2 protein chains.
Amino acid sequence: MDSLLEILSVDTEAVTKTIKKKEILQKQGIVSKNAFYVKKGLIRSYSIDEKGKEHIFMFGSEGWIIADLESNVFNRPTELYIDCIEDGEIVSFSLEYFNSENLSIEKLRKNSKLLTRRIGSLQRRVIQLMSSSAKERYKIFIETYPHIPKRIPQKMIASYLGITPEALSKIRGQL
Amino acid sequence: MDSLLEILSVDTEAVTKTIKKKEILQKQGIVSKNAFYVKKGLIRSYSIDEKGKEHIFMFGSEGWIIADLESNVFNRPTELYIDCIEDGEIVSFSLEYFNSENLSIEKLRKNSKLLTRRIGSLQRRVIQLMSSSAKERYKIFIETYPHIPKRIPQKMIASYLGITPEALSKIRGQL
DNA sequence: TTTATTTCTTAATCTAGATTAATAGTATGG
DNA sequence: CCATACTATTAATCTAGATTAAGAAATAAA
């Protein structure tokens, strides 16, 4: 993913920031234009429903970008919180940057590839949520992101999978 | 979405094709580089799981593009079938086109916006699948795509929502 | 180290939605 | 037009995963 760093390197306004575990980078309900590039550490984006339950949308470890594109694109208040799971460093920058005049054609092209890649992953996630059992989704998760489970509490895996911690505990007992 | 047509207009190899209801445009299991732009009619993409159950990933009506980006980006065999729900016309073209040398910087920029938009919609879909009941998802669907329900059988709505036709029938009875 | 807080597990009960099955309504093609 | 195949509805039963509750482990804080 160094193509991403290249893209960012042109951004004069982007600043590296030290982050602490549990620090909140973005709250639900605002209209956000910000994206967070993770240099070091681990962050997550999640929504909280009417019943107060957390649903993790995605994790971002080293080299990843987290942003609430839905809020940005449709100009709606964010559905997502973004906060830090580990101490680390992030680069925070404006999403508008991706379409700015400054970007060369090669950078735009690389950026398109990254976007397409993310669509591919989301396609997979949607199909999985519709067609696989919780146990299957768990197995796929630990295969797809083998480095993540060690760094987060069980209950966050459950939240990402769309099940309760109790259900995950039962599944793990079965394996 | 005329920006999309603009992008396509440069593609000399793209050809408009007449399609018939039930015609299959793409089968599961191949590595696909194709995208389908809908000029007229209605198509859908869907996967079939081990139990033989269909799961509709998305519908494409006039002006939309349907493609299996996961297959394309990660070079995996497709998980998706694509077929026609109504007679109509499509333009079939290669996905490589989106990153080709022919594209001007403005076209690339417009293309990025379209990709970002799709990520936004998918984000919404994932969060919904994790946090909303079937009844809520049904209500949101008919609000978000009011023109689609009239054109498709009930069981396809159920398939898109991730529930059985029987469950949808019960929900509709309650409203 | 001791205490407080958060996380994980186990078990009993409950429920949304799945499955199965039977019936009736609706298209569709010959 | 009829016959065959889809499509929708209703009802009985079943099950994956939710909810509730309580105790054990692990972390963090003091």
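In this predicted model, a phosphate oxygen of DNA strand C is placed 3.2 Å from an N or O atom in the side chain of Ser169(A). Residues are numbered from 1 along each chain as its sequence is written, chains are lettered from A in the order in which they are written, and side-chain values rest on heavy atoms, with hydrogens and water left out. Local features require pLDDT of at least 70 and side-chain atom pairs count only at pLDDT 80 or more, whereas totals for chains, interfaces and linings use all residues.

Further phosphate oxygens of the DNA were examined in the same way. A polar side-chain atom of Lys155(A) lies 2.8 Å from a phosphate oxygen of DNA strand C, and for the side chain of Lys21(B) the corresponding distance from an N or O atom to a phosphate oxygen is 3.0 Å.

Helix H5 (154-161) and helix H6 (165-174) of chain A, together with helix H6 (165-174) of chain B, each supply at least two residues of the surface near DNA strand C, and the largest share, 3 residues, comes from H6(B). Helices (H or I, at least four residues) and strands (E, at least two) are DSSP runs numbered from the N terminus.

A search of the whole structure finds 10 aromatic pairs over all chains, a pair being rings of Phe, Tyr and Trp (its six-membered ring) with centres within 6.5 Å, stacked if the planes are under 30 degrees apart, edge-to-face if over 60 and tilted otherwise. One of them, formed by Phe141(A) and Tyr145(A), is tilted, at 5.7 Å centre to centre and 45° between the planes. Phe141(A) counts as buried because its relative accessibility is 3%, while Tyr145(A), at 26%, is partly exposed; buried means under 20% relative accessible area, exposed over 50% and partly exposed in between (1.4 Å probe, protein chains only). Phe141(A) and Tyr145(A) form one aromatic cluster with Phe59(A) and Tyr160(A), and Arg125(A) lies over the face of Tyr160(A), at 3.8 Å from the ring centre; a charge sits over a ring if NZ of Lys or CZ of Arg is within 6 Å of the ring centre and within 35 degrees of the ring normal.

In chain B, Tyr46(B) and Tyr81(B) are both buried, and their pair is stacked because the ring centres are 5.3 Å apart and the planes are at 15°. This pair links distant parts of the chain, with Tyr46(B) in strand E4 (residues 43-48) and Tyr81(B) in strand E7 (residues 81-84), 35 residues apart. Arg44(B) lies over the face of Tyr46(B), at 3.8 Å from the ring centre.

Terms used:
A polar contact is a pair of N or O atoms within 3.5 Å; within protein, one must be able to donate a hydrogen and the other to accept it, and residues adjacent in sequence count only if both atoms are side-chain atoms.
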